[in-house]
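Good morning, colleagues. Please bring up the sequence and the model, and I shall take you through the two chains in turn.

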Amino acid sequence: MINNARRWAPRGAWRYGVALLALALAFEVRILLHPFLEARMPTLFFVIAAVAVGFSLGIGPAILIVVLSLPLADFFFVPPYREFSTLDKSDVILVTGFPTVTLAFLAMIEWLRRTQYEARLIAEVAKSRLDMLLRTEKRRLQTEKSVSISNRLLLNFSDDDGDVLYIGRVGSKYEYVSEDLSQEFDAASGDTGTQRLLAALYPEDARVLALHLNSANDAYGRILTMHLPRKKAHLIDLEIQVETFPTAHGDYIVMKKISEKVV
Amino acid sequence: MKIQNSLTKDIHYPGGDHAVLLLHGLSSTPQEMSYIARRLSQNGFAVLAPYIKGYGLGSPCTTWREWLNEVRRHYAQLRATHRTVSVSGLCIGATLGLALAAEEPGVAALSLLSVTLFYDGWTIPWYHGLLNLAYRTPIRHFYSFSEREPYGLKNVALRAKVMKSMRQKGNSTIGSATLSMHHIFEAQALAHHVKLHLHEITTNCLLIHAIDDDTSTAANAEFVHAHIGSEVSRKILLDDCYHIITMDNERELVARETQWFFEEALAGKHEYAGAKNKLTRASA
(Lines give C-alpha, C1' and ligand atoms only; values in the text may rest on other atoms or scores of the structure.)
Protein backbone atom coordinates (compact mmCIF):
# COMPACT_ATOMS: atom_id res chain seq x y z
CA MET A 1 0.00 0.00 0.00
CA ILE A 2 1.13 3.58 -0.64
CA ASN A 3 2.30 5.06 2.67
CA ASN A 4 0.59 8.39 1.96
CA ALA A 5 -2.80 6.67 1.53
CA ARG A 6 -3.36 7.37 5.24
CA ARG A 7 -3.45 11.10 4.35
CA TRP A 8 -6.69 10.84 2.39
CA ALA A 9 -8.70 13.03 4.76
CA PRO A 10 -8.72 16.83 4.72
CA ARG A 11 -6.15 18.37 7.07
CA GLY A 12 -6.51 20.86 9.89
CA ALA A 13 -7.84 21.21 13.43
CA TRP A 14 -11.19 22.49 12.09
CA ARG A 15 -12.18 18.85 11.54
CA TYR A 16 -12.39 18.36 15.31
CA GLY A 17 -14.63 21.43 15.57
CA VAL A 18 -16.96 19.91 12.97
CA ALA A 19 -16.90 16.62 14.93
CA LEU A 20 -18.02 18.44 18.08
CA LEU A 21 -20.85 20.09 16.13
CA ALA A 22 -21.93 16.68 14.78
CA LEU A 23 -21.88 15.31 18.33
CA ALA A 24 -24.01 18.21 19.57
CA LEU A 25 -26.50 17.65 16.74
CA ALA A 26 -26.74 13.91 17.45
CA PHE A 27 -27.27 14.64 21.14
CA GLU A 28 -29.95 17.22 20.36
CA VAL A 29 -31.89 14.86 18.08
CA ARG A 30 -31.68 11.99 20.60
CA ILE A 31 -32.85 14.19 23.45
CA LEU A 32 -35.79 15.45 21.34
CA LEU A 33 -36.80 11.85 20.60
CA HIS A 34 -36.16 10.66 24.15
CA PRO A 35 -39.84 10.79 25.24
CA PHE A 36 -40.62 8.46 22.32
CA LEU A 37 -37.54 6.18 22.39
CA GLU A 38 -36.95 6.17 26.15
CA ALA A 39 -34.16 3.66 26.93
CA ARG A 40 -34.16 2.09 23.47
CA MET A 41 -31.20 2.69 21.11
CA PRO A 42 -29.33 5.18 23.35
CA THR A 43 -26.36 5.44 20.97
CA LEU A 44 -28.02 5.26 17.53
CA PHE A 45 -27.53 8.92 16.59
CA PHE A 46 -23.99 8.98 17.99
CA VAL A 47 -23.09 6.02 15.80
CA ILE A 48 -24.56 7.82 12.77
CA ALA A 49 -22.59 10.98 13.62
CA ALA A 50 -19.34 9.04 14.12
CA VAL A 51 -19.76 7.12 10.87
CA ALA A 52 -20.61 10.27 8.87
CA VAL A 53 -17.63 12.16 10.29
CA GLY A 54 -15.33 9.14 9.87
CA PHE A 55 -16.35 8.87 6.21
CA SER A 56 -15.88 12.53 5.36
CA LEU A 57 -13.22 13.85 7.78
CA GLY A 58 -11.16 10.84 8.85
CA ILE A 59 -10.89 8.47 11.77
CA GLY A 60 -9.41 10.98 14.28
CA PRO A 61 -12.45 13.26 14.63
CA ALA A 62 -14.72 10.18 14.53
CA ILE A 63 -12.91 8.63 17.51
CA LEU A 64 -13.37 11.92 19.37
CA ILE A 65 -17.14 11.55 18.87
CA VAL A 66 -17.07 7.95 20.16
CA VAL A 67 -15.05 8.92 23.25
CA LEU A 68 -17.30 11.87 24.16
CA SER A 69 -20.62 10.24 23.32
CA LEU A 70 -20.04 7.22 25.57
CA PRO A 71 -20.50 9.10 28.90
CA LEU A 72 -23.21 11.31 27.33
CA ALA A 73 -25.28 8.32 26.23
CA ASP A 74 -24.81 6.52 29.54
CA PHE A 75 -25.72 9.59 31.59
CA PHE A 76 -28.74 10.82 29.66
CA PHE A 77 -30.25 7.84 27.85
CA VAL A 78 -29.55 4.71 29.96
CA PRO A 79 -31.70 4.23 33.06
CA PRO A 80 -31.38 5.27 35.78
CA TYR A 81 -31.15 8.63 33.98
CA ARG A 82 -28.76 11.42 34.90
CA GLU A 83 -26.51 9.49 37.25
CA PHE A 84 -23.37 7.33 37.02
CA SER A 85 -23.61 5.74 40.45
CA THR A 86 -25.39 2.55 39.36
CA LEU A 87 -23.67 0.02 37.12
CA ASP A 88 -26.06 -2.56 35.69
CA LYS A 89 -26.40 -4.80 32.61
CA SER A 90 -27.47 -1.91 30.36
CA ASP A 91 -24.35 0.07 31.27
CA VAL A 92 -22.07 -2.88 30.58
CA ILE A 93 -23.73 -3.52 27.21
CA LEU A 94 -23.36 0.14 26.30
CA VAL A 95 -19.74 0.47 27.45
CA THR A 96 -18.59 -2.67 25.65
CA GLY A 97 -20.95 -2.87 22.69
CA PHE A 98 -21.08 0.75 21.47
CA PRO A 99 -17.30 1.38 21.16
CA THR A 100 -16.65 -2.09 19.74
CA VAL A 101 -19.28 -1.85 17.01
CA THR A 102 -18.60 1.80 16.15
CA LEU A 103 -14.82 1.40 16.05
CA ALA A 104 -15.23 -1.69 13.87
CA PHE A 105 -17.35 0.38 11.44
CA LEU A 106 -14.80 3.20 11.54
CA ALA A 107 -11.88 0.85 10.94
CA MET A 108 -13.60 -0.59 7.87
CA ILE A 109 -14.51 2.87 6.57
CA GLU A 110 -10.92 4.05 7.10
CA TRP A 111 -9.54 1.04 5.27
CA LEU A 112 -11.95 1.56 2.36
CA ARG A 113 -11.20 5.30 2.16
CA ARG A 114 -7.44 4.65 2.13
CA THR A 115 -7.87 2.06 -0.61
CA GLN A 116 -10.07 4.45 -2.58
CA TYR A 117 -7.50 7.27 -2.23
CA GLU A 118 -4.71 4.90 -3.24
CA ALA A 119 -6.67 3.90 -6.34
CA ARG A 120 -7.22 7.57 -7.22
CA LEU A 121 -3.48 8.32 -6.88
CA ILE A 122 -2.55 5.32 -9.00
CA ALA A 123 -5.09 6.38 -11.64
CA GLU A 124 -3.51 9.86 -11.68
CA VAL A 125 -0.06 8.32 -12.14
CA ALA A 126 -1.43 6.26 -15.02
CA LYS A 127 -2.90 9.39 -16.61
CA SER A 128 0.39 11.26 -16.15
CA ARG A 129 2.28 8.39 -17.77
CA LEU A 130 -0.15 8.31 -20.69
CA ASP A 131 0.25 12.08 -21.17
CA MET A 132 4.04 11.71 -21.09
CA LEU A 133 3.85 8.82 -23.55
CA LEU A 134 1.74 10.92 -25.93
CA ARG A 135 4.16 13.84 -25.64
CA THR A 136 7.07 11.50 -26.36
CA GLU A 137 5.22 10.03 -29.34
CA LYS A 138 4.50 13.52 -30.67
CA ARG A 139 8.19 14.41 -30.35
CA ARG A 140 9.17 11.13 -32.03
CA LEU A 141 6.88 11.84 -34.97
CA GLN A 142 8.25 15.37 -35.27
CA THR A 143 11.80 14.01 -35.27
CA GLU A 144 10.88 11.40 -37.87
CA LYS A 145 9.37 14.09 -40.12
CA SER A 146 12.37 16.33 -39.57
CA VAL A 147 14.79 13.55 -40.54
CA SER A 148 12.73 12.73 -43.63
CA ILE A 149 12.58 16.40 -44.70
CA SER A 150 16.30 16.91 -44.06
CA ASN A 151 17.14 13.80 -46.10
CA ARG A 152 15.04 15.02 -49.04
CA LEU A 153 16.63 18.46 -48.76
CA LEU A 154 20.13 16.99 -48.76
CA LEU A 155 19.45 15.18 -52.06
CA ASN A 156 19.21 18.59 -53.75
CA PHE A 157 22.72 19.48 -52.65
CA SER A 158 24.11 16.71 -54.84
CA ASP A 159 22.35 17.76 -58.03
CA ASP A 160 23.70 15.42 -60.71
CA ASP A 161 21.38 16.60 -63.53
CA GLY A 162 21.93 20.33 -63.01
CA ASP A 163 18.20 20.98 -62.57
CA VAL A 164 18.48 22.92 -59.29
CA LEU A 165 18.20 26.64 -59.92
CA TYR A 166 17.97 27.94 -56.38
CA ILE A 167 18.41 26.81 -52.76
CA GLY A 168 17.87 29.30 -49.96
CA ARG A 169 16.76 29.63 -46.36
CA VAL A 170 13.65 31.76 -45.96
CA GLY A 171 14.41 35.17 -44.52
CA SER A 172 18.17 34.68 -44.69
CA LYS A 173 20.91 35.83 -47.04
CA TYR A 174 22.18 32.28 -47.33
CA GLU A 175 21.40 31.01 -50.82
CA TYR A 176 22.67 29.12 -53.81
CA VAL A 177 21.76 30.60 -57.20
CA SER A 178 22.63 28.63 -60.33
CA GLU A 179 24.35 30.33 -63.20
CA ASP A 180 21.18 30.10 -65.36
CA LEU A 181 19.06 31.78 -62.72
CA SER A 182 21.57 34.47 -61.74
CA GLN A 183 20.97 36.07 -65.12
CA GLU A 184 17.26 36.43 -64.30
CA PHE A 185 17.80 37.83 -60.79
CA ASP A 186 17.75 41.53 -60.12
CA ALA A 187 20.29 42.08 -57.32
CA ALA A 188 18.59 45.26 -56.17
CA SER A 189 15.13 43.75 -55.72
CA GLY A 190 15.53 42.68 -52.10
CA ASP A 191 17.82 42.18 -49.15
CA THR A 192 17.19 38.49 -48.75
CA GLY A 193 17.31 35.68 -51.28
CA THR A 194 13.60 35.02 -50.73
CA GLN A 195 12.68 38.60 -51.66
CA ARG A 196 14.77 38.45 -54.84
CA LEU A 197 13.23 35.10 -55.73
CA LEU A 198 9.69 36.45 -55.28
CA ALA A 199 10.57 39.53 -57.36
CA ALA A 200 11.78 37.30 -60.21
CA LEU A 201 8.46 35.39 -60.47
CA TYR A 202 5.19 36.41 -62.12
CA PRO A 203 3.17 38.48 -59.58
CA GLU A 204 0.46 35.79 -59.31
CA ASP A 205 3.02 33.00 -58.69
CA ALA A 206 4.90 35.24 -56.22
CA ARG A 207 1.66 35.80 -54.32
CA VAL A 208 0.93 32.05 -54.13
CA LEU A 209 4.48 31.26 -52.99
CA ALA A 210 4.47 34.06 -50.38
CA LEU A 211 1.14 32.80 -49.07
CA HIS A 212 2.50 29.29 -48.90
CA LEU A 213 5.61 30.41 -46.99
CA ASN A 214 3.48 32.21 -44.43
CA SER A 215 1.09 29.31 -43.88
CA ALA A 216 1.73 27.46 -40.65
CA ASN A 217 1.35 23.77 -39.75
CA ASP A 218 2.59 22.45 -43.08
CA ALA A 219 5.16 20.15 -41.62
CA TYR A 220 5.85 18.22 -44.83
CA GLY A 221 6.18 21.20 -47.14
CA ARG A 222 4.56 21.31 -50.57
CA ILE A 223 5.56 21.29 -54.23
CA LEU A 224 4.34 24.20 -56.38
CA THR A 225 4.63 24.34 -60.15
CA MET A 226 5.00 27.77 -61.75
CA HIS A 227 6.75 29.69 -64.54
CA LEU A 228 9.82 31.85 -64.41
CA PRO A 229 9.83 34.78 -66.83
CA ARG A 230 13.10 35.63 -68.56
CA LYS A 231 14.65 39.05 -68.74
CA LYS A 232 15.16 38.75 -72.47
CA ALA A 233 11.71 38.76 -74.03
CA HIS A 234 12.60 36.40 -76.88
CA LEU A 235 13.58 33.62 -74.46
CA ILE A 236 10.96 31.14 -73.39
CA ASP A 237 9.63 30.88 -69.79
CA LEU A 238 11.13 28.20 -67.61
CA GLU A 239 8.63 25.77 -66.13
CA ILE A 240 9.80 25.35 -62.55
CA GLN A 241 9.00 23.40 -59.45
CA VAL A 242 9.32 25.14 -56.08
CA GLU A 243 9.50 22.95 -53.01
CA THR A 244 9.68 24.07 -49.38
CA PHE A 245 11.42 22.14 -46.61
CA PRO A 246 10.36 23.14 -43.09
CA THR A 247 13.35 21.92 -41.03
CA ALA A 248 14.09 22.40 -37.34
CA HIS A 249 16.47 25.22 -38.29
CA GLY A 250 14.23 27.19 -40.60
CA ASP A 251 12.37 26.76 -43.86
CA TYR A 252 14.37 26.10 -47.03
CA ILE A 253 13.21 26.70 -50.61
CA VAL A 254 14.50 24.63 -53.51
CA MET A 255 13.64 25.67 -57.07
CA LYS A 256 14.17 23.16 -59.87
CA LYS A 257 13.85 23.44 -63.61
CA ILE A 258 11.28 21.10 -65.20
CA SER A 259 11.32 22.23 -68.83
CA GLU A 260 11.36 25.28 -71.06
CA LYS A 261 8.05 26.51 -72.40
CA VAL A 262 7.53 28.50 -75.58
CA VAL A 263 5.58 31.72 -74.95
CA MET B 1 35.08 21.23 5.71
CA LYS B 2 36.55 20.69 2.26
CA ILE B 3 33.76 18.22 1.48
CA GLN B 4 31.13 20.71 2.60
CA ASN B 5 32.69 23.37 0.37
CA SER B 6 32.45 21.10 -2.65
CA LEU B 7 28.80 20.37 -1.81
CA THR B 8 27.88 24.03 -1.42
CA LYS B 9 29.57 25.14 -4.63
CA ASP B 10 27.34 26.83 -7.21
CA ILE B 11 26.64 24.90 -10.41
CA HIS B 12 27.01 27.10 -13.45
CA TYR B 13 26.88 26.13 -17.10
CA PRO B 14 27.07 28.92 -19.67
CA GLY B 15 24.72 28.51 -22.62
CA GLY B 16 22.51 30.30 -25.13
CA ASP B 17 19.97 33.10 -24.79
CA HIS B 18 17.75 31.17 -22.44
CA ALA B 19 18.73 30.64 -18.83
CA VAL B 20 17.39 28.41 -16.07
CA LEU B 21 17.71 29.18 -12.37
CA LEU B 22 17.67 26.01 -10.24
CA LEU B 23 16.83 26.31 -6.54
CA HIS B 24 17.85 23.55 -4.14
CA GLY B 25 15.89 22.40 -1.11
CA LEU B 26 15.97 23.68 2.46
CA SER B 27 19.28 23.16 4.31
CA SER B 28 20.52 21.35 1.23
CA THR B 29 23.00 21.84 -1.62
CA PRO B 30 22.97 22.68 -5.33
CA GLN B 31 24.32 19.17 -5.94
CA GLU B 32 20.82 17.71 -5.65
CA MET B 33 20.01 19.66 -8.84
CA SER B 34 23.15 18.56 -10.70
CA TYR B 35 21.49 15.93 -12.90
CA ILE B 36 18.77 18.24 -14.16
CA ALA B 37 21.39 21.03 -14.58
CA ARG B 38 23.50 18.84 -16.87
CA ARG B 39 20.49 17.78 -18.91
CA LEU B 40 19.33 21.37 -19.44
CA SER B 41 22.86 22.50 -20.28
CA GLN B 42 23.26 19.72 -22.87
CA ASN B 43 20.14 21.04 -24.55
CA GLY B 44 21.37 24.59 -24.92
CA PHE B 45 20.16 26.31 -21.75
CA ALA B 46 22.45 28.42 -19.58
CA VAL B 47 22.08 27.00 -16.07
CA LEU B 48 22.74 28.45 -12.64
CA ALA B 49 22.11 26.45 -9.45
CA PRO B 50 23.36 28.77 -6.72
CA TYR B 51 24.05 27.91 -3.11
CA ILE B 52 21.78 30.19 -1.07
CA LYS B 53 23.34 31.47 2.14
CA GLY B 54 21.17 31.34 5.25
CA TYR B 55 18.99 28.72 3.55
CA GLY B 56 21.41 26.09 2.31
CA LEU B 57 23.50 23.52 4.13
CA GLY B 58 25.86 24.69 6.86
CA SER B 59 25.05 28.41 7.10
CA PRO B 60 23.14 29.91 10.06
CA CYS B 61 19.44 30.28 9.25
CA THR B 62 18.25 33.71 8.10
CA THR B 63 14.67 34.82 7.39
CA TRP B 64 12.68 33.73 4.35
CA ARG B 65 12.69 37.31 3.09
CA GLU B 66 16.50 37.18 2.97
CA TRP B 67 16.30 33.85 1.11
CA LEU B 68 13.99 35.48 -1.39
CA ASN B 69 16.34 38.49 -1.75
CA GLU B 70 19.18 36.11 -2.60
CA VAL B 71 17.04 34.34 -5.19
CA ARG B 72 15.91 37.68 -6.63
CA ARG B 73 19.55 38.78 -6.95
CA HIS B 74 20.49 35.63 -8.89
CA TYR B 75 17.41 36.03 -11.08
CA ALA B 76 18.30 39.67 -11.85
CA GLN B 77 21.85 38.68 -12.82
CA LEU B 78 20.59 36.06 -15.25
CA ARG B 79 17.90 38.40 -16.58
CA ALA B 80 20.53 41.02 -17.39
CA THR B 81 22.52 38.65 -19.56
CA HIS B 82 19.87 36.37 -21.06
CA ARG B 83 16.74 36.84 -23.12
CA THR B 84 14.59 34.65 -20.86
CA VAL B 85 14.94 33.07 -17.44
CA SER B 86 12.95 30.02 -16.34
CA VAL B 87 12.97 28.79 -12.75
CA SER B 88 12.92 25.30 -11.30
CA GLY B 89 13.08 24.34 -7.63
CA LEU B 90 12.94 21.30 -5.40
CA CYS B 91 10.89 21.17 -2.19
CA ILE B 92 11.10 24.59 -0.46
CA GLY B 93 13.17 25.68 -3.49
CA ALA B 94 9.95 25.27 -5.51
CA THR B 95 8.11 27.37 -2.92
CA LEU B 96 10.82 30.02 -3.29
CA GLY B 97 10.35 29.82 -7.07
CA LEU B 98 6.64 30.51 -6.58
CA ALA B 99 7.42 33.49 -4.31
CA LEU B 100 9.77 34.83 -6.99
CA ALA B 101 7.20 34.34 -9.77
CA ALA B 102 4.60 36.22 -7.69
CA GLU B 103 6.91 39.25 -7.78
CA GLU B 104 8.44 38.77 -11.23
CA PRO B 105 5.87 38.11 -13.95
CA GLY B 106 8.80 38.03 -16.42
CA VAL B 107 9.78 34.51 -15.36
CA ALA B 108 9.42 32.47 -18.57
CA ALA B 109 8.25 29.20 -16.97
CA LEU B 110 8.22 27.41 -13.64
CA SER B 111 9.04 23.78 -12.90
CA LEU B 112 7.99 22.92 -9.36
CA LEU B 113 9.46 19.64 -8.16
CA SER B 114 8.01 18.16 -4.95
CA VAL B 115 6.63 21.58 -4.06
CA THR B 116 6.13 21.86 -0.29
CA LEU B 117 3.50 24.07 1.30
CA PHE B 118 2.54 21.60 4.03
CA TYR B 119 4.84 19.11 5.73
CA ASP B 120 2.43 16.17 5.62
CA GLY B 121 4.32 13.22 4.16
CA TRP B 122 4.43 9.81 5.79
CA THR B 123 7.73 10.33 7.65
CA ILE B 124 6.60 13.59 9.25
CA PRO B 125 5.78 12.92 12.93
CA TRP B 126 2.26 13.58 14.24
CA TYR B 127 3.51 16.37 16.53
CA HIS B 128 4.89 18.40 13.62
CA GLY B 129 1.80 20.61 13.75
CA LEU B 130 2.74 21.62 17.30
CA LEU B 131 6.19 22.91 16.26
CA ASN B 132 4.78 26.36 15.54
CA LEU B 133 3.73 26.57 19.18
CA ALA B 134 7.04 25.16 20.39
CA TYR B 135 8.87 27.78 18.32
CA ARG B 136 7.44 30.47 20.62
CA THR B 137 9.24 28.84 23.56
CA PRO B 138 12.97 28.41 24.36
CA ILE B 139 12.68 24.88 22.94
CA ARG B 140 13.45 26.41 19.54
CA HIS B 141 17.11 26.80 20.56
CA PHE B 142 17.51 23.11 21.40
CA TYR B 143 15.20 21.08 19.18
CA SER B 144 16.13 20.08 15.67
CA PHE B 145 14.25 17.76 13.36
CA SER B 146 16.33 14.74 12.38
CA GLU B 147 16.18 13.50 8.83
CA ARG B 148 15.17 9.85 8.89
CA GLU B 149 14.95 6.91 6.55
CA PRO B 150 14.27 6.82 3.63
CA TYR B 151 15.85 10.31 3.31
CA GLY B 152 13.56 11.14 0.41
CA LEU B 153 15.04 8.37 -1.72
CA LYS B 154 13.39 5.19 -2.96
CA ASN B 155 16.52 4.02 -4.76
CA VAL B 156 18.08 1.63 -2.23
CA ALA B 157 21.70 1.99 -3.41
CA LEU B 158 21.56 5.79 -3.41
CA ARG B 159 19.85 5.79 -0.03
CA ALA B 160 22.61 3.61 1.45
CA LYS B 161 25.21 6.05 0.16
CA VAL B 162 23.36 9.03 1.61
CA MET B 163 22.83 7.24 4.95
CA LYS B 164 26.52 6.48 5.22
CA SER B 165 27.41 10.10 4.53
CA MET B 166 24.78 11.35 7.00
CA ARG B 167 26.14 9.10 9.76
CA GLN B 168 29.80 9.87 9.12
CA LYS B 169 29.70 13.57 8.30
CA GLY B 170 26.25 14.77 9.35
CA ASN B 171 25.46 15.86 5.80
CA SER B 172 25.27 14.60 2.24
CA THR B 173 24.32 15.68 -1.28
CA ILE B 174 20.70 15.96 -0.16
CA GLY B 175 21.63 18.24 2.72
CA SER B 176 21.99 18.23 6.46
CA ALA B 177 21.11 15.30 8.75
CA THR B 178 19.09 17.66 10.96
CA LEU B 179 16.84 20.65 10.35
CA SER B 180 16.70 23.42 12.96
CA MET B 181 13.38 24.79 14.19
CA HIS B 182 14.36 28.17 12.73
CA HIS B 183 14.56 26.61 9.28
CA ILE B 184 11.20 24.88 9.69
CA PHE B 185 9.50 27.99 11.03
CA GLU B 186 10.85 30.23 8.26
CA ALA B 187 9.88 27.64 5.62
CA GLN B 188 6.34 27.57 6.97
CA ALA B 189 6.20 31.38 6.97
CA LEU B 190 7.34 31.34 3.33
CA ALA B 191 4.69 28.74 2.48
CA HIS B 192 2.04 30.91 4.14
CA HIS B 193 3.19 33.91 2.07
CA VAL B 194 3.04 31.86 -1.14
CA LYS B 195 -0.46 30.53 -0.37
CA LEU B 196 -1.69 34.11 -0.05
CA HIS B 197 -0.19 35.14 -3.41
CA LEU B 198 -0.70 31.95 -5.42
CA HIS B 199 -3.62 33.35 -7.42
CA GLU B 200 -1.45 36.29 -8.60
CA ILE B 201 1.07 34.02 -10.36
CA THR B 202 0.51 33.88 -14.11
CA THR B 203 3.69 32.09 -15.19
CA ASN B 204 3.26 28.76 -16.99
CA CYS B 205 3.88 26.08 -14.45
CA LEU B 206 4.85 22.40 -14.40
CA LEU B 207 4.28 20.41 -11.21
CA ILE B 208 6.00 17.06 -10.68
CA HIS B 209 5.33 15.16 -7.48
CA ALA B 210 5.67 11.61 -6.15
CA ILE B 211 2.49 10.04 -4.78
CA ASP B 212 4.51 8.42 -1.98
CA ASP B 213 6.55 11.52 -1.18
CA ASP B 214 7.77 11.05 2.39
CA THR B 215 7.94 14.80 3.18
CA SER B 216 4.99 16.42 1.40
CA THR B 217 2.05 14.57 -0.11
CA ALA B 218 0.73 15.03 -3.64
CA ALA B 219 -1.96 17.22 -2.04
CA ASN B 220 0.66 20.01 -2.17
CA ALA B 221 0.89 19.80 -5.96
CA GLU B 222 -2.90 19.54 -6.19
CA PHE B 223 -3.29 22.67 -4.06
CA VAL B 224 -0.93 24.68 -6.27
CA HIS B 225 -2.55 23.28 -9.44
CA ALA B 226 -6.01 24.28 -8.21
CA HIS B 227 -5.15 27.76 -6.92
CA ILE B 228 -2.37 29.13 -9.14
CA GLY B 229 -3.40 31.92 -11.53
CA SER B 230 -1.44 30.49 -14.50
CA GLU B 231 -3.38 29.65 -17.64
CA VAL B 232 -1.07 26.71 -18.23
CA SER B 233 -0.48 24.38 -15.30
CA ARG B 234 0.62 20.81 -16.02
CA LYS B 235 0.66 18.25 -13.20
CA ILE B 236 2.62 15.00 -13.34
CA LEU B 237 2.42 12.38 -10.57
CA LEU B 238 5.07 9.68 -10.27
CA ASP B 239 5.09 6.41 -8.35
CA ASP B 240 8.66 5.14 -8.39
CA CYS B 241 10.34 7.78 -6.25
CA TYR B 242 10.02 9.67 -2.98
CA HIS B 243 10.73 13.33 -2.19
CA ILE B 244 14.11 13.96 -3.89
CA ILE B 245 12.79 13.38 -7.40
CA THR B 246 15.82 15.06 -9.01
CA MET B 247 18.08 12.23 -7.79
CA ASP B 248 15.78 9.26 -7.35
CA ASN B 249 14.68 6.50 -9.75
CA GLU B 250 12.73 8.79 -12.10
CA ARG B 251 15.24 11.65 -12.37
CA GLU B 252 15.66 11.12 -16.12
CA LEU B 253 11.95 11.59 -16.64
CA VAL B 254 11.85 14.64 -14.35
CA ALA B 255 14.74 16.26 -16.23
CA ARG B 256 13.21 15.46 -19.64
CA GLU B 257 9.76 16.81 -18.78
CA THR B 258 11.28 19.98 -17.30
CA GLN B 259 13.41 20.53 -20.40
CA TRP B 260 10.47 20.00 -22.75
CA PHE B 261 8.20 22.23 -20.70
CA PHE B 262 10.74 25.06 -20.80
CA GLU B 263 11.27 24.58 -24.54
CA GLU B 264 7.51 24.66 -25.17
CA ALA B 265 7.14 27.79 -23.02
CA LEU B 266 9.85 29.54 -25.03
CA ALA B 267 8.30 28.49 -28.32
CA GLY B 268 4.84 29.54 -27.07
CA LYS B 269 3.53 26.07 -27.87
CA HIS B 270 1.63 25.32 -24.69
CA GLU B 271 -1.84 24.34 -25.77
CA TYR B 272 -4.59 24.18 -23.25
CA ALA B 273 -8.21 23.29 -23.01
CA GLY B 274 -10.82 22.58 -20.39
CA ALA B 275 -13.00 24.50 -18.01
CA LYS B 276 -10.16 25.94 -15.94
CA ASN B 277 -7.78 26.32 -18.87
CA LYS B 278 -5.51 23.75 -17.26
CA LEU B 279 -3.55 21.43 -19.53
CA THR B 280 -5.41 18.33 -20.53
CA ARG B 281 -4.55 15.27 -22.55
CA ALA B 282 -5.25 17.21 -25.72
CA SER B 283 -2.05 19.10 -25.12
CA ALA B 284 0.12 16.02 -24.82
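Chain A has a radius of gyration of 42 Å, whereas a compact globule of 263 residues would have one near 18 Å; the radius is taken over C-alpha atoms, and the globule rule is 2.2 Å times the number of residues to the power 0.38. The C-alpha trace of chain A spans about 125 × 35 × 25 Å along its principal axes.

This is a predicted model, in which local features need pLDDT of at least 70 and side-chain atom pairs count only at pLDDT 80 or more, while totals for chains, interfaces and linings use all residues. Residues are numbered from 1 along each chain as its sequence is written, and chains are lettered from A and ligands numbered from 1 in the order in which they are written.

Chain A contains seven helices and five strands; these are DSSP runs, helices being H or I of at least four residues and strands E of at least two, numbered from the N terminus. Their order along the sequence is α-α-α-α-β-β-α-α-α-β-β-β.

Of the 263 residues in chain A, 23% are buried. Buried means 20 or more other C-beta atoms within 10 Å of the residue's own, exposed 12 or fewer, and partly exposed in between, with C-beta atoms placed from the backbone.

Consider A:V51, in helix α2, residues 44–57. A:V51 counts as partly exposed because it has 17 C-beta neighbours inside 10 Å. Leaving aside residues up to four places away in sequence, A:V51 touches A:F105 and A:I109; contact requires C-beta atoms, placed from the backbone, within 7 Å.

Strands β1 (164–169) and β2 (175–177) of chain A run antiparallel, joined by three bridges; pairing requires at least two DSSP bridges.

Where do the chains meet? In chain A, 14 residues are in contact with 18 residues of chain B.

Chain B has an open sheet of seven strands with mixed pairing, in the order β1-β3-β2-β4-β5-β10-β11. Strands β1 (11–13) and β11 (233–238) of chain B stand at its edges, each with a single partner strand, so one side of each lacks a neighbour in the sheet. Strand β10 (205–210) of chain B pairs with β11(B) in the parallel sense over six bridges, and B:C205 has B:S233 as its bridge partner.

Note on methods. Contact = placed C-beta atoms within 7 Å.
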